[in-house]
Amino acid sequence: MAYIVVLNPLILAAGVDAVGGKLPVAALAAGTALVAGVMTILMGVVARFPLALAAGLGVNALVAYEIAPEMTWADAMGLVVIEGVIIGILVLTGLRTAVFRAVPTQLKTAIGVGIGLFLMIIGLVDAGFVRRVPDAAGTTVPVELGLGGKLLTWPLFVFCVGLLITLVLFVRKVKGAILIGILVTTVLAIVVEAIAKVGPSFADGKPNPSGWSLNVPALPDKIVDTPDLSLLGKFNVFDSWGRAGWLVVLMFIFTLLITDFFDTMGTMVAVGQEGELLDAEGMPPRTREILLVDSVAAAAGGAASVSSNTSFIESASGVAEGARTGVANLVTGVLFLLAMFLAPLVTVVPFEAASTALVVVGFLMMMAVRQIDWTDYEIAIPAFLAITLMPFTYSISNGIGAGIISYVVIKVAVGKAREVHPLLYGVALLFVLYFLRGPLETLLF
């Protein structure tokens with residue numbers, strides 16, 4: 001799981017940087033490690049279940065690329081806190097399990113697959129492997145490979161070599177393959193920059209298409225330093241309502257809820273299954289405590305300005321090595337806390353190195369696609385829309401919304417309205433309002 005201490009800050013910083021903002025990468029790294037450590041230990045103490053937590057991939061992309069551009073960073077983190085509180089209330093009332101069961105299993109699978117593809121395309125775009133075609137190109141093709149359809153730059157060379165190294169390590173089942181891949185690629189990037197003097201993608205206010213994304217790789221001044229915790233507590237709970245519009249804010253909160261909802265439920269069952277810890281109903285022991293700690297982690301991530309924290313499927317590797325109780329969490333949590341002191345290293349990593357991890361994670365999440373029955377059009381079409389619209393519209397919200405609306409419409413059209421859970425009709429209606437928010441806001445305001 002150590003790769004998240006590198007990857008989460010770079011995703012958040014790159015997303016906010018794209019809309020003209022700046023976030024301190026070292027502070028994001030220290031905060032990521034701090035919240036992951038504390039919440040992982042809390043899960044071990046309260047739930048006594050070998051399930052580690054950290055900033056969630058997918059949720060952080062949603063926050064950085066969809067929510068943050070509509071408001072300030074503090075406002076976006078306020079929405080994450082609100083989402084965590086709501087999830088906690090839903091856990092205590094039992095509604096979280098009810099909503100989880102309302103969405104068909106295969107559609108939940110499709111949401112996970114779509115998020116995986118979304119993460120992959122974020123990695124490819126931020127590494128410069130996929131780029132927007134300039135308007136002057138005189139073509140209707142929206143994107144291209146590299147620069148002008150060619151892999152011409154040193155950063156792209158580093159990304160391609162790093163990706164191949166990471167894939168080989170992963171296929172050979174080397175432990176820590178993703179983290180090792182990031183580290184090896186970063187070393188290569190430092191060597192290349194020292195020789196070629198590539199520079200940043202923007203220098204003196206001018207674009208440099210051949211430059212490094214986000215960080216220019218160079219040997220750090222410090223390897224170990226006092227953690228920068230300046231971002232802790234930098235969140236606003238209500239300011240965003242006036243800035244982005246109430247409907248947009250409600251849908252952002254709802255999308256955060258949906259993304260966190262299914263990820264955690266599926267993860268805890270999968271990890272429990274790996275360790276043979278499930279009961280006769282296929283649920284792990286102390287489910288309520290697990291979900292409650294997870295909801296606290298979501299709010300804690302927002303309060304620390306590092307995005308929502310959630311349970312990690314990588315916990316299954318610990319279970320495979322023998323973890324069966326919360327003791328494993330104590331060890332993992334302490335290691336995360338120690339990682340805070342290595343935060344300066346994260347400022348060395350260019351996105352071309354970190355993006356290799358996003359491609360591998362995208363592949364891992366894509367593997368679940370085989371669980372969808374593609375011969376059943378009633379579920380296959382909604383699943384297809386959910387999967388494809390996330391990467392192609394650069395929005396998790398759009399994919400989930402299209403999948404749920406189309407599922408409800410198709411079921412009603414074929415005379416199977418009773419197969420749709422009543423809660424899902426309400427969810428579909430919310431997403432209809434979300435897609436119509438432009439005309440609605442024009443009429444209301």
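A crossing of two helices is called left-handed if the near helix is turned anticlockwise from the far one by less than a right angle, and right-handed if the turn is clockwise. By this rule, helix 6 and helix 16 cross in a right-handed manner. The structure discussed here is a predicted model.

**Helix 6 and helix 16**

- Helix 6 covers residues 105-126 and helix 16 covers residues 396-413; their axes lie 10 Å apart and form an angle of about 155°.
- Angles over 145 degrees count as roughly antiparallel, and helix 6 and helix 16 are therefore roughly antiparallel to each other.
- On the side of helix 6, the contact involves Leu 107, Ile 111, Ile 115 and Phe 118, which meet Ile 396, Ile 400, Gly 403, Ile 404 and Tyr 407 of helix 16.
- By class, the residues of this contact between helix 6 and helix 16 comprise 8 nonpolar, 1 polar and no charged.
- An α-helix has 3.6 residues a turn, so residues three or four places apart point the same way.

**Helix 2 and helix 11**

- Helix 2 (residues 25-47) and helix 11 (residues 287-303) cross at roughly 160°, and their axes come within 10 Å.
- That angle makes helix 2 roughly antiparallel to helix 11.
- The crossing of helix 2 and helix 11 is right-handed.
- Helix 2 contributes Val 35, Met 39, Leu 42, Met 43, Val 46 and Ala 47 to the contact, while helix 11 contributes Glu 289, Ile 290, Val 293, Asp 294, Val 296, Ala 297, Ala 300 and Gly 301.
- The contact of helix 2 with helix 11 contains 11 nonpolar, 1 polar and 2 charged residues.

**Helix 3 and helix 6**

- Helix 6 also packs with helix 3 (residues 59-67): the two axes come within 11 Å and cross at roughly 60°.
- At this angle, helix 3 is oblique to helix 6.
- The crossing of helix 3 and helix 6 is left-handed.
- Ala 61, Tyr 65 and Glu 66 of helix 3 touch Phe 118, Leu 119, Ile 122 and Asp 126 of helix 6.
- The residues in the contact of helix 3 with helix 6 are 5 nonpolar, no polar and 2 charged.

- Helix 4 is mostly covered, since 16 of its 21 residues are buried.
- Glu 83 belongs to helix 4, which runs over residues 73-93.
- A residue counts as buried when its relative accessible area is under 20%; Glu 83, at 0%, is therefore buried.
- Apart from neighbours within four places in sequence, Glu 83 is in contact with Ile 253, Leu 256, Leu 257, Asp 260, Ala 298 and Ser 308.
- Gly 94 follows helix 4 and has a positive phi, near 85°.

**Helix 8**

- Helix 8 (residues 177-196) has 20 residues and should span 28 Å at 1.5 Å a residue; its end C-alpha atoms are 28 Å apart, which agrees.
- The buried residues of helix 8 include Ala 177, Gly 181, Thr 185, Ala 189, Val 192 and Glu 193.
- Lys 197 comes after helix 8 and has a positive phi, near 50°.

**Further residues in helices**

- Arg 96 is located in helix 5 (residues 95-102), and Arg 96 is buried, with a relative accessible area of 1%.
- Arg 96 and Arg 288 are 192 residues apart along the chain, and their C-alpha atoms are separated by 10.0 Å.
- Gly 112 is part of helix 6; with 23% relative accessibility, Gly 112 counts as partly exposed.
- Gly 112 and Val 192 lie 80 residues apart in sequence, and their C-alpha atoms are 36 Å apart in space.

**Loop residues with positive phi**

- Arg 286 is in the loop between helix 10 (246-274) and helix 11.
- The phi of Arg 286 is positive, about 55°, although Arg 286 is not a glycine.
- Arg 286 is partly exposed, with a relative accessible area of 29%.
- Tyr 394 sits in the loop between helix 15 (377-393) and helix 16.
- Tyr 394, also a residue other than glycine, has a positive phi near 55°.
- With a relative accessible area of 23%, Tyr 394 is partly exposed.

Notes: Residues are numbered from 1 along each chain as its sequence is written. This is a predicted model: local features need pLDDT of at least 70, side-chain atom pairs count only at pLDDT 80 or more; totals for chains, interfaces and linings use all residues. Side-chain values use heavy atoms; hydrogens and water are left out. Axes are lines fitted to C-alpha atoms, for helices over the stretch in contact, and angles run from 0 to 180 degrees between N-to-C directions. Helices (H or I, at least four residues) and strands (E, at least two) are DSSP runs, numbered from the N terminus. Angles under 35 degrees count as roughly parallel, over 145 as roughly antiparallel, 65 to 115 as roughly perpendicular and the rest as oblique. Contact means heavy atoms within 4.5 Å. Ala, Val, Leu, Ile, Met, Phe, Trp, Tyr, Cys and Pro count as nonpolar, Asp, Glu, Lys and Arg as charged, and the others, Gly among them, as polar. Buried means under 20% relative accessible area, exposed over 50%, partly exposed in between (1.4 Å probe, protein chains only). The expected span of a helix is 1.5 Å times one less than its number of residues.
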